[in-house]
Amino acid sequence: MDTRAPFSAEPVPPAIRVENLECGYHGEVLLRNVTFEVRRGEIFFVIGGSGCGKSTLLRHLVGLLSPTKGSVSYFGRDFHSRDLAGRRDVLKTFGVLYQSGALWSSLTLRENVALPLELYTALTRHEIEEVATLKLAQVGLAKFADYYPAEISGGMRKRAGLARALALDPSIVFFDEPSAGLDPITSRKLDELILRIREMFGTTIVIVSHELASIFDLADRVIMLDREAGGVIASGAPRELVATSTDPRVQEFLRRGDRASDAIPRPELNRGPSIQ
Amino acid sequence: MAARPDAFSDLLSTRIEGDELVMSIRGRWLVTGPRPSWAKVRGDQWPVQIRPVVDGLETWDSSLLLFFMEVHSWCRTTGARFEQRDLPPRMCQLLAQLEEVEPESIPQDRGEDPLSAVGLAAADAVVKVRGISSFVGECVLSAFRVARSPRLFRWRDCLGEMQQCGAMALPIVSLISFLVGVTLAYTGAIVLRQFGGDIWVADLVGLGMVREMGAMMTGIVLAGRTGAAFAAILGNMKMNEEIDALETLGVSPVDFLVLPRLVALGLMMPLLTLYASALGILGGISVALGVLSIPPAAFWVEMLSLVDLSDTVVGVIKGITFGLIVGLSGCLRGLQSERSAAGVGKAATSAVVTAILLIIVADAVYAVIFNILGL
């Protein structure tokens with residue numbers, strides 16, 4: 001899908017526009033009136049405490065759940081109102097990295113990365129294998145291409161999941177708690193990878209997380225969800241929110257992160273040119 | 001008044017001051033050690049106020065709080081006053097917390113009245129039947145989709161499953177079918193010997209195995225072996241978000257995961273049914289030879305006088321049906337599994353129960369249909 005509109009006089013639609021979304025599980029509404037936009041090429045965080053509905057919102061964004069009200073559109077095209085084939089067209093344009101990596105356990109890493117290519121491209125088997133190996137090399141896993149997911153560590157599984165999410169060169173990549181279960185160094189490396197993907201490919205990145213160090217290092221903008229409020233209670237750049245927000249919930253959440261990142265010094269983000 | 005002498009004098013002593021009972025708490029109050037009972041401490045006294053004081057208390061934990069709770073509860077019942085002004089602040093805080101939660105800890109009656117239970121069970125049955133029907137429909141649609149574009153079909157997964165549910169199941173199917181043949185022959189011999197009709201054991205075993213027991217025993221074995229495995233694998237995949245990953249790629253889990261398993265079982269079950277029937281007949285021949293002194297050739301000739309190709313076809317049709325039932329139950333329960341280890345366990349159990357139940361129902365339905373058709 002061509003996501004650019006170079007000759008149009010109309011304003012370029014954002015990568016994602018969420019309007020008045022109402023979502024939840026089993027008839028229980030968790031989030032109401034969720035409205036926000038994610039600009040093209042932006043690193044956008046959905047933050048909030050445990051159980052506030054971050055992952056539920058993500059599941060609605062990627063089409064695993066349907067909202068009870070409201071709409072989600074990608075590059076100006078509504079998503080949930082489309083039929084199956086129409087949705088599939090949109091699904092091709094984004095990749096998702098799940099919390100556990102979600103690699104298909106019966107396939108090797110190369111086969112995991114190759115599957116989206118087999119389904120959606122007319123490449124030959126040899127070309128598919130080459131692209132899959134390249135994607136694995138981009139996340140530093142070329143040597144492990146023939147390993148099964150059970151044979152590698154949690155951090156490697158996440159990187160392999162990222163390689164699979166990048167297989168179709170998506171315009172948007174969603175991350176669900178990318179740092180969950182990772183040690184600080186591996187988590188830092190994953191943050192570096194995310195930055196470089198954005199810098200090299202201009203990919204729009206949406207991250208659901210409560211890892212405050214990553215939020216302050218990576219986020220261009222955030223929205224904060226709150227369980228009690230049942231929706232968005234703040235949006236903006238994280239440091240701007242710390243400086244200007246008068247909401248005690250936002251201050252408590254983000255300032256704790258500021259203190260935590262002061263107390264535990266993190267290594268500088270390596271913003272080198274290549275993805276390794 | 002002098003302190004009351006009792007077995008717990010190293011932990012507390014009491015004295016009466018007017019209407020007030022003063023308890024001196026001391027020593028080591030540990031939950032792993034003995035604790036005095038309030039009833040014994042109080043004895044036959046009915047104080048209007050109880051005032052604990054700390055005097056030489058070395059260490060304390062929940063044991064002391066439990067004792068105070070007992071006292072507190074007695075005070076609430078009798079209307080006496082529990083005066084805690086001489087207790088340390090930390091102890092007072094914990095007691096205040098206990099007071100807050102105590103009324104909530106009264107056990108709740110979670111029982112359902114029988115009428116509600118029947119209603120809920122009926123509603124649940126309707127939901128389950130609807131779930132099974134909708135899943136069967138999805139599988140049929142998926143089969144059409146894959147027939148239109150065979151490139152989508154995961155042949156490699158299908159072959160792997162064929163090996164798992166076919167070749168790898170041979171030892172257990174062999175053992176069970178042989179033993180079922182032996183049991184049928186022994187049971188038949190008890191009755192038929194009374195009429196001098198030992199030879200008819202061959203008909204009983206042959207017809208029983210080919211039409212009924214071959215397919216049914218294989219179905220039941222595969223329900224426990226393969227159906228449970230399907231449910232556990234798919235449940236685990238759901239827990240690990242592997243199924244979500246397929247869906248966000250625009251791939252139907254039914255096309256990708258269910259159909260190869262159904263095709264594998266649909267292809268393997270008739271072969272396993274024929275094999276099971278043969279092994280059961282072998283079991284019958286062994287008993288006939290060993291117990292009834294009927295030579296194998298006589299057994300075979302007698303069996304062929306009754307059992308013909310139509311019986312074999314009936315057995316094979318049942319085998320295919322039971323195979324599909326096992327596959328559908330396992331995959332359905334796996335995809336419906338909750339995202340937890342306990343949920344996966346429940347899915348596996350439910351897959352076996354559903355498969356066996358549906359196999360018996362299908363067998364009964366086939367009995368009626370084949371009877372009407374004269375097969």
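This is a predicted model: local features need pLDDT of at least 70, side-chain atom pairs count only at pLDDT 80 or more; totals for chains, interfaces and linings use all residues.
Local features here need pLDDT of at least 70 and side-chain atom pairs count only at pLDDT 80 or more, while totals for chains, interfaces and linings use all residues; side-chain values use heavy atoms, with hydrogens and water left out. Residues are numbered from 1 along each chain as its sequence is written, and chains are lettered from A in the order in which they are written.

**The two chains**

- Chain A has nine helices and ten strands, where helices (H or I, at least four residues) and strands (E, at least two) are DSSP runs numbered from the N terminus.
- Of the 276 residues in chain A, 52% are buried; buried means under 20% relative accessible area, exposed over 50%, and partly exposed in between (1.4 Å probe, protein chains only).
- Chain B comes to twelve helices and four strands, and 46% of its 375 residues count as buried.
- The C-alpha trace of chain B spans about 105 × 65 × 40 Å along its principal axes.
- Chain B has a radius of gyration of 35 Å, whereas a compact globule of 375 residues would have one near 21 Å. This radius is taken over C-alpha atoms, and the globule rule is 2.2 Å times the number of residues to the power 0.38.
- Contact means heavy atoms within 4.5 Å. Among contacts between residues at least 6 apart in sequence, those joining residues at least 24 apart make up 67% in chain A and 80% in chain B.

**Where A meets B**

- Chain A brings 23 residues to the contact, and chain B brings 18 residues.
- About 1700 Å² is buried between chain A and chain B, with carbon and sulfur atoms giving 52% of that area. Buried area is the accessible area (1.4 Å probe) that two parts lose on being put together, summed over both.
- In chain A, the residues that lose the most area to chain B are A:Tyr98, A:Trp104 and A:Leu119, together 28% of what that side buries.
- Eleven residue pairs are in polar contact between chain A and chain B (both at pLDDT 80 or more). A polar contact is a pair of N or O atoms within 3.5 Å; within protein, one must be able to donate a hydrogen and the other to accept it, and residues adjacent in sequence count only if both atoms are side-chain atoms.
- On the side of chain A that touches chain B, helix H2 (84–91) and helix H3 (109–120) of chain A each supply at least two residues. H3(A) gives the most to that side, with six residues.
- Sorted by class, the side of chain A that touches chain B has 13 nonpolar, four polar and six charged residues. Ala, Val, Leu, Ile, Met, Phe, Trp, Tyr, Cys and Pro count as nonpolar, Asp, Glu, Lys and Arg as charged, and the others, Gly among them, as polar.

**Salt bridges**

- Side chains of opposite charge can pair when their charged atoms come close. A salt bridge is a side-chain nitrogen of Lys or Arg within 4 Å of a carboxyl oxygen of Asp or Glu.
- The whole structure holds 33 salt bridges over all chains, and three salt bridges are counted between chain A and chain B.
- A:Arg59 forms a salt bridge with B:Asp244, with the closest N and O atoms 2.9 Å apart. Both A:Arg59 and B:Asp244 are buried.
- B:Arg51 pairs with B:Glu20 in a salt bridge whose closest N and O atoms are 3.2 Å apart. B:Arg51 lies in strand S3 (residues 49–60) of chain B and B:Glu20 in strand S2 (residues 20–29) of chain B, so the pair ties together parts that are 31 residues apart in sequence.
- A network of salt bridges links A:Glu118, A:Arg125, A:Glu129, B:Arg154 and B:Asp157. Within it, B:Asp157 and B:Arg154 form a salt bridge, their closest N and O atoms being 3.6 Å apart.

**Two buried residues in chain B**

- B:Trp74 lies in helix H2 (residues 62–78) of chain B and counts as buried because its relative accessibility is 13%.
- Leaving aside neighbours within four places in sequence, the contacts of B:Trp74 include B:Trp38, B:Arg42 and B:Pro47.
- B:Thr218 sits in helix H7 (residues 201–239) of chain B, and its 1% relative accessibility is why B:Thr218 counts as buried.
- Leaving aside neighbours within four places in sequence, B:Thr218 is in contact with residues including B:Val173, B:Met269 and B:Ala276.
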